[in-house]
Amino acid sequence: MTRLVVGSMSVPVSTDHSGYPAFKLVVHGPAGVGKTTVLRVLGALKKIEDPPKLASELASIEAPSGETLFFDKITFHAGEFDLEKGSGVRLHVWATAGAKHHIQQRKITMEGADGIILLLSPFQKDLQDNREVIDEVSAFLPKLPLQILINKADSVSRQELLETTDEIMNYASEKGLSSIEEPIAVSVLHATRDLLALLSSPNVYQCLTIEKRLKRECRPESMDLIAKGFRLVAYQAILNRLRHSSSAGSK
Ligand SMILES: Nc1nc2c(ncn2[C@@H]2O[C@H](COP(=O)(O)OP(=O)(O)O)[C@@H](O)[C@H]2O)c(=O)[nH]1
Ligand SMILES: [Mg+2]
């Protein structure tokens, strides 16, 4: 145990093996929606912007085909999560194995989560897959901070995206889940492309610090949208822990 200090609040929190207050976020979504890719890209972004904040690299347990067999995991120091004057926190971000038969692995991966990122498919043909993911989260982890991201927005028409988003919101609320903010449509593909374009542009020097780190204000919007989803959940998860610990009488 250690104490987490945020502003004037200080509460005891559990720590991970390295002694830091730790929070666990889980990315869940249908197979092939981009869960592993999004963690890889967030790790790359962190390396480019602020390498010391990447506490440990992406570890994936996957088949030779690239299918996740158990989980992916990456750990960040939570500097970017606006814990003003707060103590350092580690965010362990896990992604599930999405294939339907890996349900046992998903149960284990989701255990002890503090927040959920639902990464869902924008395609009308995948409505049933999206629903099954929502069913699982509402069964295993009903009352956690949750943000819905709809990935691959590059691959559908605006109309299809709107219809899918509506359907997802209705089904999630039927199941008692609510997203912190409205679902955010993202494209990990475009975010990666925009980041690469920035790094290879002749003007990139304006965006680099003396230590050759990418300035935060230069982060492409497409990438920032993705980071925002994770930031919202992390922030709510931390607030929840603070509220919970202080209402339990431990100040
Ligand atoms: N078009 C498109 N493809 C994507 C996007 N994000 C990921 N992918 C692709 O989707 C496939 C499955 O991604 P993966 O991360 O393995 O999915 P997972 O099963 O959810 O972990 C890969 O070929 C990715 O390159 C995206 O935003 N747009
Ligand atoms: Mg995967």
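Which residues of β6 lie on one side and which on the other, and are they buried or exposed?

**View 1. Strand β6, covered on both faces.** This is a predicted model, in which local features need pLDDT of at least 70 and side-chain atom pairs count only at pLDDT 80 or more, while totals for chains, interfaces and linings use all residues. Residues are numbered from 1 along each chain as its sequence is written, with chains lettered from A and ligands numbered from 1 in the order in which they are written. Arg90, His92, Trp94 and Thr96 lie on one side of β6, Leu91, Val93 and Ala95 lie on the other, and all are buried. A buried residue has 20 or more other C-beta atoms within 10 Å of its own, with C-beta atoms placed from the backbone. Strand β6 spans residues 90-96, and seven of its seven residues are buried. Strands (E, at least two residues) and helices (H or I, at least four) are DSSP runs, numbered from the N terminus.

**View 2. The open sheet of seven strands.** Follow the order β4-β5-β6-β3-β7-β8-β9, where the pairing is mixed. Strands pair if DSSP finds at least two bridges between them. β4 (54-62) and β9 (184-185) each have a single partner strand, so one side of each is left without a neighbour in the sheet. Five bridges hold β4 in antiparallel pairing with β5 (residues 68-77), and Leu54 has Phe76 as its bridge partner in β5. β5 and β6 also run antiparallel, joined by seven bridges; here Phe71 is partnered by Thr96 of β6. By contrast, β3 (residues 22-28) pairs with β6 in the parallel sense over six bridges, and Phe23 has Leu91 as its partner in β6.

**View 3. Leu25 in the largest nonpolar core.** Such a core is a set of buried Ala, Val, Leu, Ile, Met, Phe, Trp, Tyr and Cys residues joined through C-beta atoms within 7 Å. This one has 54 residues, of which Leu25 and Leu118 touch the most other members. Helix α6 (residues 221-247) gives the most to this core, with eight residues. Beyond four places in sequence, the residues that Leu25 touches include Leu91, Val93, Ile117, Phe230 and Val233; contact calls for C-beta atoms, placed from the backbone, within 7 Å.

**View 4. Leu149 in strand β8.** Look for Leu149 in β8, residues 146-150. Leu149 counts as buried because it has 26 C-beta neighbours inside 10 Å. Leaving aside neighbours within four places in sequence, its contacts include Leu118, Ile184, Val186 and Ile226. Ser179 is 30 residues away along the chain, and the C-alpha atoms of Leu149 and Ser179 are 9.3 Å apart.

**View 5. The shell around ligand 1.** Here 18 residues surround the ligand, and the closest are Gly34, Lys35, Thr36, Thr37 and Leu189. A residue is near a molecule if its C-beta atom, placed from the backbone, lies within 6 Å of it. Helices α1 (35-49) and α5 (188-199) are the elements that give two or more residues to this shell, and α1 gives the most, with three. The 15 residues of α1 reach 21 Å from first C-alpha to last. Lys35 and Thr36 are among the buried residues of α1.

Conventions:
Buried ≥ 20, exposed ≤ 12 C-beta atoms within 10 Å, placed from the backbone. Contact = placed C-beta atoms within 7 Å. Expected span 1.5 Å × (residues − 1).
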